[in-house]
Amino acid sequence: MQKVALHTSVVPGRILQLLSLCLWGWVIFLFTSCIRGEEFENTPQGNFEALWRIIDEQYCYLDYKGVDWDAVRSDYQSYIHPDMDNFRLFEVLSEMLMELKDGHVALRSDYDVAIYWNWYADYPENFDSSLLYDYLGDNYRVASGLIYTILEDNIGYIYYESFSTELNDNDLDQMLLYLAICDGLIVDIRNNGGGMLTNSARLTSRFTNEKYLTGHITHKTGTGRNDFSKPLAVYQEPSSSIRWQKQVAVLTNRHVFSAANDFVNRMHYLPHVTIIGDITGGGAGLPFLSELPNGWVVRFSASPHYDAEMNHLESGIKPDIRANLLEEDRSKEKIPS
């Protein structure tokens with residue numbers, strides 16, 4: 001009978017390194033130490049127990065979300081049978097994970113990936129790519145994943161589709177020089193599902209002249225559901241290069257997630273920035289990966305991220321001005337302002 005060891009890990013010395021990694025893709029983190037190990041058999045029951053234990057000991061939002069994980073175990077145990085095939089097992093384990101209602105939680109087999117999408121699917125889309133390119137026209141520039149132009153009313157416009165696209169400082173310099181004649185700036189990150197936190201910090205650095213506190217992060221220090229480290233402060237540093245000094249509007253919708261959610265949190269502390277649109281998707285837990293006895297990989301939120309006032313960011317950030325994309329806006333080929 002094949003067995004694997006399940007490890008619960010702590011990372012006190014590497015949390016800042018982990019913050020710079022991708023929050024959305026399947027990234028393997030190197031853990032620095034092991035505080036316990038337990039073997040589970042590669043059977044339907046063994047894989048069920050391993051998955052339940054991973055979440056019980058390492059997932060960071062059980063109490064915050066009010067999830068009765070013991071009750072979930074009882075509910076789903078009845079679906080586990082020794083002779084069930086892998087397809088049914090994957091379905092049951094996936095449904096159990098969906099009880100967490102977390103877009104960072106996922107289960108990957110060699111034939112499928114299960115992810116909880118309702119964190120944004122239950123909300124209005126508030127985005128229309130055809131309108132976006134109507135506004136951009138043919139006269140726009142692209143650099144480091146940033147699409148930018150100057151609109152007719154002398155307002156600069158930047159669209160950033162994914163924080164997974166690495167930002168280059170020289171590209172940022174050239175973009176801001178080009179937009180310097182504008183009276184204001186729109187930074188549109190709608191439908192941005194996240195990426196690298198380093199990009200969030202790098203882009204924000206172009207909008208502040210001062211270092212300031214943006215939030216805190218903690219990590220698990222034990223197997224108990226409330227075993228967390230003391231909060232580690234996270235600061236935003238200003239860029240040493242070209243910085244924008246005028247008014248900024250950041251456009252958001254529910255699909256703004258993970259590192260993009262972090263960008264909204266960083267930006268909303270700045271006095272010349274206004275957040276416009278819909279509540280963001282959240283996704284503020286730093287995700288880790290673990291493996292089940294059968295080789296399936298589970299991703300889960302392990303280190304919660306808070307704002308500067310120690311409020312959870314997992315459920316999203318409300319805009320300063322609520323604005324929805326309405327049918328009349330579509331018919332007029334206008335983005336809501």
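Biologist: In which kind of crossing does H2 pass H3?

Modeller: This is a predicted model, and in the model helix H2 covers residues 44-58. H2 packs against H3 with the two axes 11 Å apart. The crossing in which H2 passes H3 is right-handed.

Biologist: Why do H2 and H3 count as roughly antiparallel?

Modeller: Angles over 145 degrees count as roughly antiparallel. H2 and H3 pack at an angle of about 165 degrees. H2 is therefore roughly antiparallel to H3.

Biologist: How many charged residues does the contact of H2 with H3 have?

Modeller: On the H2 side the contact is made by Gln45, Phe48, Glu49, Trp52, Ile55 and Asp56. H3 supplies Trp69, Asp70, Arg73, Tyr76 and Gln77. By class, five of these residues are nonpolar and two are polar, and the number of charged ones is four.

Biologist: At what angle do H3 and H4 pack?

Modeller: Helix H3 spans residues 69-77 and helix H4 spans residues 86-98. Their axes are 11 Å apart, and H3 passes H4 in a right-handed crossing. The two helices are roughly antiparallel to each other, and the angle is about 155 degrees.

Biologist: Which residues of H4 make the contact with H3?

Modeller: From H3, the contact uses Trp69, Val72 and Tyr76. The residues on both sides divide into five nonpolar, no polar and one charged. The H4 side consists of Val92, Glu95 and Met96.

Biologist: Is Gly145 buried, partly exposed or exposed?

Modeller: Gly145 lies in the loop between strand S5 (141-143) and strand S6 (146-150). Its relative accessible area is 29%. Buried would need a value under 20% and exposed a value over 50%, so Gly145 is partly exposed.

Biologist: What distance separates the C-alpha atoms of Gly145 and Tyr159?

Modeller: Leaving aside neighbours within four places in sequence, Gly145 is in contact with Tyr159, Tyr160, Glu161 and Thr165. Gly145 and Tyr159 are 14 residues apart along the chain. Their C-alpha atoms are separated by 8.5 Å.

Definitions and conventions. Residues numbered from 1 in each chain as written. Predicted model: local features only at pLDDT ≥ 70, side-chain atom pairs only at ≥ 80, totals over all residues. Heavy atoms only, no water. Axes fitted to C-alpha atoms, helices over the stretch in contact; angles between N-to-C directions. Helix = DSSP H or I, 4+ residues; strand = E, 2+ residues; numbered from the N terminus. Parallel < 35°, antiparallel > 145°, perpendicular 65-115°, else oblique. Left-handed = near helix turned anticlockwise from the far one by under 90°. Contact = heavy atoms within 4.5 Å. Nonpolar A, V, L, I, M, F, W, Y, C, P; charged D, E, K, R; others polar. Buried < 20%, exposed > 50% of the residue type's maximum accessible area, 1.4 Å probe, protein only.
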